[in-house]
Amino acid sequence: MIAILHTGRFRVQLPVSRTTRVLVGLTVTLLLALGWAAASGALGISPWEVLRGQADPLSVQVWWQLRLPRLLLGVAVGAMLAGSGAAMQGLFRNPLADPTLLGLASGAGLFVAVWIVLFQDSGAGSLYGQFAAGFLGALCVCLIVFGIAKRQGGGSAAVMTLLLAGLAINTLAGAGGGVLAFIASDEQLRQLSLWGMGTLTNALWRTTALALVLIAVALWLLMRSARELDLLQLGEATAHAAGLDAARLKRRVVIATSLGVGICVALTGVIGFLGLLVPHCLRLWLGPGHRLLLPASMIGGALLLVVADTLARTVAAPAEIPVGLLTSLLGGPYFLYLLMRRNRAC
């Protein structure tokens, strides 16, 4: 494909790269999905009428105070989960790495649940404590998983060990969540139940604005790692010979993933399989190059979560289905398919 640039009397034909076509196509699709999501819900609202000042006061308030921050949070969380999945697949050099399967989301969820039940208060520090708990939980699990991966080295045995480690962490986190649910008050128990299924209902400006800033920092750190992740696919020895500081790359990806996933889980609960489903499908289509795969995964994750959340808000309106249930219904069968295909290939 070519682009035609007019310069006075001359026409210069410039090639349009595949990267540009893919990213523009995904971005346009995301914008169309956002337009559909902005107008959909239990209360039908035309965003164009709101922006032109022609909507009634109730519609204006609902759109600005509830629907818009929810859309922005959906874009940020979807981009973060899918982007962290792509980065972890590159860091561990296996296509089954995912914040949910490896236990990062469960670890963050357990720490946030501990904060909600034991330490949460009505003060202004409650929000920051919840964010910090999510970050610390994801960071602890990421360090544990990374240590196991380093001890095992490479190969199929390491992949299976990582999956088993993730299963163990998810089991322990589930047990810890059960203990917390047992000692929680009725109000805390309801909060834990709704939050644990994965939902964007907590998207208010007070929480969303800070989350957007922190997630943007995490995404920027991941994008800075794209070239180094490509080098790492050649093996650590070859990458080191090419000038890669593998230890610094690992620290950056671990911190960015822990920060982003922790913030996402603190606000939305566990929304599973976005970090596996989106990067894996895009890797099959676009190839392993992270300079294209990372931004494409971020846009694709945002697109999938916006569509899933819109369906969750509208399918059973005025009731609302937790969006984490929908993503699990999509991701669970796909994960089983990947495992069966991997077994046939062995």
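# Salt bridges, burial and helices in a predicted chain

Arg 252 and Glu 228 form a salt bridge, with their closest N and O atoms 3.9 Å apart; a salt bridge is a side-chain nitrogen of Lys or Arg within 4 Å of a carboxyl oxygen of Asp or Glu. Arg 252 lies in helix H11 and Glu 228 in helix H9 (residues 226–232), so the pair ties together parts that are 24 residues apart in sequence. This is a predicted model, in which local features need pLDDT of at least 70 and side-chain atom pairs count only at pLDDT 80 or more, while totals for chains, interfaces and linings use all residues. Residues are numbered from 1 along each chain as its sequence is written, and side-chain values use heavy atoms, with hydrogens and water left out.

**The chain as a whole**

- The secondary structure comes to 14 helices and 2 strands; helices (H or I, at least four residues) and strands (E, at least two) are DSSP runs, numbered from the N terminus.
- Of the 346 residues in the chain, 49% are buried. Buried means under 20% relative accessible area, exposed means over 50%, and partly exposed lies in between (1.4 Å probe, protein chains only).
- Contact means heavy atoms within 4.5 Å. Among contacts between residues at least 6 apart in sequence, 77% join residues at least 24 apart.
- The chain exposes about 16600 Å², and carbon and sulfur atoms supply 67% of this area. Accessible areas come from the Shrake-Rupley method with a 1.4 Å probe; for residues, only the protein chains shown count as cover.

**The salt-bridge network**

- The structure holds 5 salt bridges. Arg 70, Asp 309, Arg 313 and Glu 320 are linked in a network of such pairs.
- In the pair of Glu 320 and Arg 70, the closest N and O atoms are 2.5 Å apart. This pair links distant parts of the chain: Glu 320 is in the loop between H13 and helix H14 (323–345), Arg 70 is in helix H3 (residues 57–92), and the two are 250 residues apart.
- Glu 320 counts as partly exposed because its relative accessible area is 35%. Arg 70 has 11% relative accessibility and therefore counts as buried.
- Arg 313 forms a salt bridge with Asp 309, the closest N and O atoms being 3.5 Å apart. Both residues lie in helix H13, 4 residues apart, which is about one turn of the helix.
- An α-helix has 3.6 residues a turn, so residues three or four places apart point the same way.
- Arg 313 counts as buried because its relative accessibility is 9%.

**Asp 309 and its surroundings**

- Asp 309 is found in helix H13 (residues 290–314). With a relative accessible area of 3%, Asp 309 is buried.
- Leaving aside neighbours within four places in sequence, Asp 309 is in contact with Arg 70, Leu 200 and Val 323.
- Asp 309 and Leu 71 are 238 residues apart in sequence, yet their C-alpha atoms are 8.8 Å apart in space.

**Helix H11**

- Helix H11 (residues 246–268) has 23 residues and reaches 32 Å from its first C-alpha to its last, close to the 33 Å expected at 1.5 Å a residue. The expected span of a helix is 1.5 Å times one less than its number of residues.
- H11 is mostly covered, as 19 of its 23 residues are buried.
- Just after H11, Gly 269 takes a positive phi of about 80 degrees.

**Helices H4 and H6 and the nonpolar patch**

- Leu 118, Phe 119, Phe 182 and Ile 183 make a nonpolar surface patch of about 480 Å². Helix H4 (104–119) and H6 are the elements that give two or more residues to this patch.
- Patches are made of residues with over 30% relative accessible area and no salt bridge; like charges are joined within 9 Å, and nonpolar side chains (Val, Leu, Ile, Met, Phe, Trp, Tyr) within 5 Å.
- H4 has 16 residues and spans 21 Å from its first C-alpha to its last, close to the 22 Å expected at 1.5 Å a residue. The buried residues of H4 include Leu 104, Val 112, Trp 115 and Ile 116.
- Ala 175 is in helix H6 (residues 156–183) and is partly exposed, with a relative accessible area of 45%.
- Ala 175 and Leu 110 are 65 residues apart in sequence and 9.4 Å apart in space, C-alpha to C-alpha.

**Cysteines**

- A search of the whole structure finds 0 disulfides; a disulfide is a pair of cysteine sulfur atoms within 2.5 Å.
- Cys 140 counts as partly exposed because its relative accessibility is 36%. Cys 264 is buried, with a relative accessible area of 1%.
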